[in-house]
Amino acid sequence: MRFLGDRRPDHDLTYSDVFMVPAHSTVGSRLEVDLTTPDRVGTTVPIVVANMTAISGRRMAETVARRGGLAVLPQDIPIDVVGEVVSWVKSRHTVYDTPITLGPTSTVAEALSLMGKRAHGVVVVVQAGRPVGVVTDGACQGVDRFTQLSEVMTPEPLTIPAGTDLPKVFDVLSAERISAAPVVDGDQLVGLITRKGALRSAIYAPAVDSAGQLLTAAAVGINGDVAGKAEALLAHGVDVLVVDTAHGHQEKAVEAVRAVRAVAGTTPVVAGNVVTAEGTRDLVEAGADVVKVGVGPGAMCTTRMMTGVGRPQFSAVEECAAAARELGKHVWADGGVKHPRDVALALAAGAANVMIGSWFAGTYESAGDLYDDGTGRKYKESFGMASARAVKARTATQSGFDRARAGLFEEGISSSRMYLDPARPGVEDLIDQIVAGVRSSATYAGARTVDELHERAVLGVQSAAGYEEGRPQPTSW
Ligand SMILES: NC(=O)C1=CN([C@@H]2O[C@H](COP(=O)(O)OP(=O)(O)OC[C@H]3O[C@@H](n4cnc5c(N)ncnc54)[C@H](OP(=O)(O)O)[C@@H]3O)[C@@H](O)[C@H]2O)C=CC1
Ligand SMILES: Nc1nc2c(ncn2[C@@H]2O[C@H](COP(=O)(O)O)[C@@H](O)[C@H]2O)c(=O)[nH]1
Ligand SMILES: [K+]
């Protein structure tokens, strides 16, 4: 990347400070752009879900990997539970969604409590493995919550034989005016497909391991038996290890990376967080394949206000990516991403992948429960991984005194409401939006790949008014 007119500013910048200018392009279509990430971790779109307890769990991991991204399971989850999640994710179909299933005598209340767990909004009623009905949210309205599903389901629903050509699935569902249908092998339920799912599976390539199963990642902290934890995660089949701590450029973190590298073999090791070239080089030297960049940009993060420490994220990514690339390695831009443009600009700055936490908290697939705020707006609760709430959970096995002492050092928000966007309530809706934005961004730069976007990007620095001009105006002024 370079700055417009070679006018490199003498101060650090974040995403909102910069804009990209269009360049002469030979890329004729946004569909010609290949967003496979250059870090060789296996992602086919540059999206990684941050290792945050309220956000990254099994449904998030499954859904995002099916579209080519990766979710990092947090270090606070017990390792045997991570193992269960990894086996479960790896048992998921790479094309079809996991259906929500209940029996004919299950109740409307049960169906409604599960429906918010997935974006497709239907429950499949199953008997001896065979789909005998489909229940929608609409069918559950205006009936007693104890009503059995056999009374409200659409019986003998349209089913799709496994392996049906995806455009055909789309056309059949459109012709029948239904949004989702059970997928069957013989008469046995093997998955669920929606119209949008058929479209997405035709556009995206899932992120998979060498056995063709969905890709997984898990984080470890820097305390305790780090190598032992890493070995246990590897034994459970985790594909990418993330050594994660607030201050990645401390000796303890460097030692943790060395310890993980020593047991990781060919498994990619990601480590952070840092914001300087020196920090990047030290983590690469210790064995990191990918360095995670970002101190303080996160939406749940109070580090900069508490400590004055951090660095505007665009410049941090640019400097660290340059240092990593000199050593043949890569960086992930971690935190502060709120719009598709931020993802595009992080890639322009040289990131190989972009980590997103809070933006994905307000989706059906995030780990938290779905709430209604009383006005009909749906939200999930989220919290930072250095908040008092997370520290309390992480230190549960320590003495009361030690826990209270650790709680003094909170650097994150313990409670926030992340509203679901009614137009984009599922994480796949957000992925669609991000991928559309980034593909378009690449064609404006004349780039066909993530690396070319970084090489060709020409950026300028804008005023707050310049940024504001770019925002849409949904009302008259
Ligand atoms: N990207 C960011 O800006 C930040 C991210 N986070 C996230 O919060 C989670 C928890 O991370 P973390 O707080 O590192 O907890 P960890 O449990 O990973 O432990 C951090 C270790 O580093 C030591 N340490 C030394 N200096 C610092 C420092 N300035 N801040 C924090 N620890 C320090 C701590 O010792 P002692 O407790 O005795 O000081 C402790 O032993 C991670 O997921 C991390 O990514 C947290 C803050 C910033
Ligand atoms: N300083 C803190 N940083 C945190 C905390 N919890 C998470 N994080 C960091 O934020 C990113 C995600 O950023 P987002 O803007 O997409 O939400 C995450 O990967 C961590 O690096 C915290 O409590 N304090
Ligand atoms: K912040």
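Let's start at Phe 3, which stands opposite Leu 459 in S21. Those labels come from DSSP: helices (H or I, at least four residues) and strands (E, at least two) are DSSP runs, numbered from the N terminus. S1 and strand S21 (residues 458-461) run parallel and are joined over 2 bridges. Two strands count as paired if DSSP finds at least two bridges between them. The open sheet here has 3 strands, in the order S1-S21-S2, with mixed pairing. Its edge strands are S1 (2-3) and S2 (18-20), each pairing on one side only. For anyone new to this, strands of a sheet pair through backbone hydrogen bonds, either parallel or antiparallel.

Quick housekeeping. This is a predicted model, where local features need pLDDT of at least 70 and side-chain atom pairs count only at pLDDT 80 or more, while totals for chains, interfaces and linings use all residues. Residues are numbered from 1 along each chain as its sequence is written, and chains are lettered from A and ligands numbered from 1 in the order in which they are written.

Arg 40 isn't a glycine, yet its phi is positive, about 60 degrees.

Next, the annotated domains. The unreviewed UniProt entry places "domain: CBS" at residues 95-151 and 153-210. UniProt positions are given in the numbering used here, feature names are shortened, and annotations may be inferred rather than shown by experiment. Residues 95-151 are 19% helix and 28% strand, with end C-alpha atoms 31 Å apart. For residues 153-210, it's 33% helix and 29% strand, and the end C-alpha atoms are 40 Å apart.

There's another open sheet to show you, with 3 strands in the order S9-S10-S11 and mixed pairing. Strand S9 (160-161) and strand S11 (188-194) are at the edges with a single partner strand each, so one side of each has no neighbour in the sheet. S9 and strand S10 (residues 180-185) run parallel, joined by 2 bridges, and Ile 160 stands opposite Val 183 in S10.

Now for the ligands. Which residues come nearest to ligand 1? Of the 23 around it, they're Gly 221, Thr 245, Ala 246, Met 385 and Ala 386. "Near" means that a residue's C-beta atom, placed from the backbone, lies within 6 Å of the molecule. By class, that shell has 7 nonpolar, 12 polar and 4 charged residues. Here Ala, Val, Leu, Ile, Met, Phe, Trp, Tyr, Cys and Pro count as nonpolar, Asp, Glu, Lys and Arg as charged, and the others, Gly among them, as polar.

Ala 246 sits in the loop between strand S13 (240-244) and helix H8 (251-264). The unreviewed UniProt entry also lists a "binding site" at Asp 244, Thr 245, Ala 246, Gly 294, Val 295 and Gly 296. They span 53 residues in sequence, yet no two of their C-alpha atoms are more than 14.2 Å apart, so they gather at one spot.

Over at ligand 2, 24 residues surround it, the closest being Gly 298, Cys 301, Gly 357, Gly 384 and Gly 412. Strand S17 (353-356) and helix H13 (358-361) are the elements giving two or more residues to that shell. The shell around ligand 2 divides into 11 nonpolar, 11 polar and 2 charged residues.

You'll find Asn 273 in strand S14 (residues 269-274).

Last up, a helix pair. The axes of H8 and helix H9 (residues 277-286) come within 8 Å and cross at roughly 30 degrees. Axes are lines fitted to C-alpha atoms, for helices over the stretch in contact, and angles run from 0 to 180 degrees between N-to-C directions. That makes H8 roughly parallel to H9; angles under 35 degrees count as roughly parallel, over 145 as roughly antiparallel, 65 to 115 as roughly perpendicular and the rest as oblique.
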